[in-house]
Amino acid sequence: RLKHFGSSSAPSPSIVYQSPGLPRSICLVMMALVLFCCASLALASHESVHCACPVLANDSSLLQTKTVRRAMEPDENENDMEETSFNSDFWKNVERHGDLDNIMPLAEAERRDELALERAKADNFPSLPPMKFLLYPNLTEARDSQIASKIKGLKRDSLVTLPDGTTIPYWQTLQYASRNMRFFFTRFTNNVQCEEQMMSDTDQNIAWEWSMLLHKVLVTDCVKKYIENDTYPSEKFSGPFEGEPLSGAIFWRHVEADRRAAYIRMHGNLGSASAMANGKGIAFNNARQFSERRVFSTIGLLAHEHAHNMGYHHKDHSPWGIQHAVETCATKGKAHMYRTYDLAEAALKEFTPAPSPPSPTPALTPQPTTTTTTTTT
């Protein structure tokens, strides 16, 4: 191909050499320029597919252009490849629970909630818990101010009797969901590459909807039992808390209590990796947009990367454990197909809390730290 291009757009080397009056050095320079131009055009053609150009700085404004589409594999099999490099910034981000200093404005979070809930109706994902309550905990307290004394002391498995006589576990309420399993996106960053928007508005809405879906799946009995019954090493593998006790029950308790903020972005230079966690954010491979991904495998992958941002290495099993739990419970168990009740609603305020059943508390584990990770397809 290159030879044909060269012969059709420039004199052949033999003709150049035979041109009278041209010194040999000039001929060699001309030949080098021809070859360089051919190679540059071929490389530019290749890069136009992968969009390998400089990425704009963080918080740059988004260009309202079409979504960049890439060739994608016929199936999605999320495998993870992890780097073992550690750095002080990573530990600091984990300790500070990620990207909490850069939470988007409330109006934007409310707008994204509204758009995502509209999508959820069409996708048959019922009563997804809004994300604004995770970004702004003061909204949770304000919403529940009139029922604060009734929910005080309720545990995850406490039973609540609704005014119509229906009895539900406390974990099935918006009150529990707003205070536990708090994985959320703070912002969309670095979203322009090659002068095109790497993540369209539609794909951002899908990502937000699926983050809400992940939150709803995480609080369920299915995920809890899956993680607690899974096999984990007895000690944490790496980080400042290397050697501390670890089990499925300990990991689940950490997930329940954690508040983990992460920015989200698309990345055009991840190679075969599906995603990457860096302690503060999560980058997905731009080779496949959210609208081109499978929902349940993607929320499993998202949980996997959140676990890395919590400080868990692959050898801790936790990233894989939570990913498999989410995917299995969503696909086989349909764990998301339940109603999330808001006890603060006027029609439900007269609920009756039952006495909380005693529950064993697993051994405490320190807040772990993690490594930079990538996820491969």
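A search of the whole structure, which is a predicted model, finds one disulfide, a disulfide being a pair of cysteine sulfur atoms within 2.5 Å. The bond joins Cys 222 to Cys 329, with a distance of 2.1 Å from S to S, and the link is left-handed, with -90° about the S-S bond. Because Cys 222 lies in helix 11 (residues 221-229) and Cys 329 in helix 14 (residues 318-331), the pair ties together parts that are 107 residues apart in sequence. Helices (H or I, at least four residues) and strands (E, at least two) are DSSP runs numbered from the N terminus. Cys 222 is partly exposed, with a relative accessible area of 30%, whereas Cys 329 counts as buried at 0% relative accessibility. Here buried means under 20% relative accessible area, exposed means over 50%, and partly exposed lies in between (1.4 Å probe, protein chains only).

Residues are numbered from 1 along each chain as its sequence is written, and side-chain values use heavy atoms, with hydrogens and water left out. As the model is predicted, local features need pLDDT of at least 70 and side-chain atom pairs count only at pLDDT 80 or more, while totals for chains, interfaces and linings use all residues.

The chain holds 14 helices and eleven strands, and 49% of its 377 residues count as buried. Among the contacts in the chain between residues at least 6 apart in sequence, 78% join residues at least 24 apart, where contact means heavy atoms within 4.5 Å.

The largest nonpolar core has 71 residues, and those with the most contacts inside it are Trp 208, Phe 251, Phe 284, Phe 290, Ile 299 and Ile 322. Such a core is a set of buried Ala, Val, Leu, Ile, Met, Phe, Trp, Tyr and Cys residues joined through side-chain atoms within 4.5 Å. The largest share of this core, nine residues, comes from helix 10. When its neighbours within four places in sequence are left aside, Ile 322 is in contact with Phe 183, Leu 218, Ile 227, Tyr 232, Phe 251, Val 255, Ala 303, His 304 and Ala 307.

Two packed helices are described by the angle between their axes and the distance between the axes. In this model, axes are lines fitted to C-alpha atoms, for helices over the stretch in contact, and angles run from 0 to 180 degrees between N-to-C directions. Helix 5 and helix 10 (residues 201-218) pack at an angle of about 80°, with their axes 8 Å apart, which makes helix 5 roughly perpendicular to helix 10. Angles of 65 to 115 degrees count as roughly perpendicular, those under 35 as roughly parallel, those over 145 as roughly antiparallel and the rest as oblique. On the side of helix 5 the contact includes Ala 109, Arg 112 and Leu 115, and on the side of helix 10 it includes Thr 202, Trp 208 and Met 212. By class, this contact has eight nonpolar, three polar and five charged residues, where Ala, Val, Leu, Ile, Met, Phe, Trp, Tyr, Cys and Pro count as nonpolar, Asp, Glu, Lys and Arg as charged, and the others, Gly among them, as polar.

The axes of helix 10 and helix 13 come within 10 Å and cross at roughly 75°, so helix 10 is roughly perpendicular to helix 13. Trp 210, Ser 211, Leu 213, Leu 214 and Val 217 in helix 10 meet residues of helix 13 that include Val 295, Phe 296, Ile 299 and Ala 303. The contact of helix 10 with helix 13 has nine nonpolar, three polar and no charged residues.

Helix 12 (residues 248-257) is mostly covered, in that seven of its ten residues are buried. These residues are Gly 248, Ile 250, Phe 251, Trp 252, His 254, Val 255 and Glu 256, and what covers them includes helix 9, strand 4, helix 11, helix 13 and helix 14.

Several loop positions complete the description. Ser 127, in the loop between helix 5 (106-123) and helix 6 (132-135), has a positive phi of about 45° although it is not a glycine, and at 32% relative accessibility Ser 127 counts as partly exposed. Met 181, in the loop between helix 9 (174-177) and strand 4 (182-188), has a positive phi near 50°, and with a relative accessible area of 1% Met 181 is buried. His 313 is found in the loop between helix 13 (295-310) and helix 14 and counts as buried at 8% relative accessibility. In sequence His 313 and Ser 238 are 75 residues apart, yet in space they are 6.9 Å apart, C-alpha to C-alpha.
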